[in-house]
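Welcome! Let us walk through this structure together, one part at a time.

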Amino acid sequence: MRIDVLTLFPEFIAQAAAVGVVGRAQERGLLALQGWNPRDYAVGGYRRVDDRPFGGGPGMVMMIEPLQACLAAARAADPAPAPVIYLSPQGRPLTQKLVRELATQPRLILLCGRYEGVDERFLAAEVDQEISIGDYVLSGGELAAAVVIDAVARLQDGALNDADSAVQDSFEGDGLLDCPHYTHPSTHPLGEVPAVLRSGDHAAIARWRRQQSLGRTWLRRPDLLDETRLSKADRALLEAFRQERGGPEKGEPGQP
Ligand code: SAM
């Protein structure tokens, strides 16, 4: 997969993507990442990329011309067609479902805004989709682009050392949260590892994990359960979890 990022801070994207799974995906040739700086395509001595908003008001707006020239250069670097995605607080919320859709694309072009944002005429003419990483406002789209890059890179075949780990993650499969995980030592002043995980009984372990996944989702994100079709066995596991655990209390995750 190839991802081109239009940004005033290409070094930020390069650094964010240099380590961990994304860095490894690049090393393994699964992800090609290239930053494009609109300032390199701006004309005039000051290489201006922003100007004051019509109508007055605070802040600056990213100008059409440097973005147009920058996008044309990025497009010309590879013949593969690519949707242009503007990272924006006004966009479609990023979910694992959307990440999966993006991860199947051979190429993406991400546009990072700064200041008050981008001239609306450029967005209307050139952008295929706007994506938000949450209901809050960042000072620039670079962090949001880094989030998209990380989430799609780890889904490329061969990026994770164990492909099964992505399948078990929260929001995958039937959309539940992941179960809790433990490692050595089994005994510690902070607590014991649940006995079932040390039992060697694979069926019992799978049942326990499923129950924890259902229970956690009920406690922390009950909205996700509304979107999941639970089997009869699932409902029994969840009911047993509820009986044992009791209802979520005020102040717990997912509770007001
Ligand atoms: N005036 C804009 C608004 O209220 O919709 C916000 C501009 S923001 C200060 C600057 C840039 O940060 C945006 O152009 C966008 O690229 C990026 N950005 C801010 N919040 C974001 C979010 N939640 N998700 C994705 N990108 C975001």
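Predicted model: local features only at pLDDT ≥ 70, side-chain atom pairs only at ≥ 80, totals over all residues.

How do strand E1 and strand E6 pair, and over how many bridges? Strand E1 (residues 2-6) and strand E6 (residues 107-112) pair in the parallel sense, over five bridges. Two strands count as paired if DSSP finds at least two bridges between them.

Residues are numbered from 1 along each chain as its sequence is written, and side-chain values use heavy atoms, with hydrogens and water left out.

Five strands form an open sheet in the order E2-E1-E6-E5-E7, with parallel pairing. At the edges stand strand E2 (32-36) and strand E7 (129-132); each has a single partner strand, so one side of each is left without a neighbour in the sheet. On average, neighbouring strands of this sheet are turned by 35 degrees against each other, direction ignored.

Side chains of opposite charge can pair when their charged atoms come close. Asp4 forms a salt bridge with Arg107, with the closest N and O atoms 2.9 Å apart. A salt bridge means a side-chain nitrogen of Lys or Arg within 4 Å of a carboxyl oxygen of Asp or Glu. This pair links distant parts of the chain, since Asp4 in strand E1 and Arg107 in strand E6 are 103 residues apart. The whole structure holds 15 salt bridges.

Next come the helices. Helix H6 (residues 142-153) lies across E1, E2, strand E5 (84-93) and E6, running at about 160 degrees to E6. Axes are lines fitted to C-alpha atoms, for helices over the stretch in contact, and angles run from 0 to 180 degrees between N-to-C directions. The axes of H6 and helix H4 (residues 96-103) come within 9 Å and cross at roughly 75 degrees. That makes H4 roughly perpendicular to H6, a label for angles of 65 to 115 degrees. Val99, Leu102 and Ala103 of H4 make the contact with Val148, Ala151 and Val152 of H6, where contact means heavy atoms within 4.5 Å. By class, these residues are six nonpolar, no polar and no charged; Ala, Val, Leu, Ile, Met, Phe, Trp, Tyr, Cys and Pro count as nonpolar, Asp, Glu, Lys and Arg as charged, and the others, Gly among them, as polar.

Finally, look at two loops. In the one between E2 and strand E3 (50-51) you will find Arg47, which has a positive phi of about 50 degrees although it is not a glycine. Pro185 is in the loop between helix H7 (164-168) and strand E8 (187-188), and the peptide bond from His184 to Pro185 is cis, with omega near 0 degrees.

Terms used: Helix = DSSP H or I, 4+ residues; strand = E, 2+ residues; numbered from the N terminus. Parallel < 35°, antiparallel > 145°, perpendicular 65-115°, else oblique.
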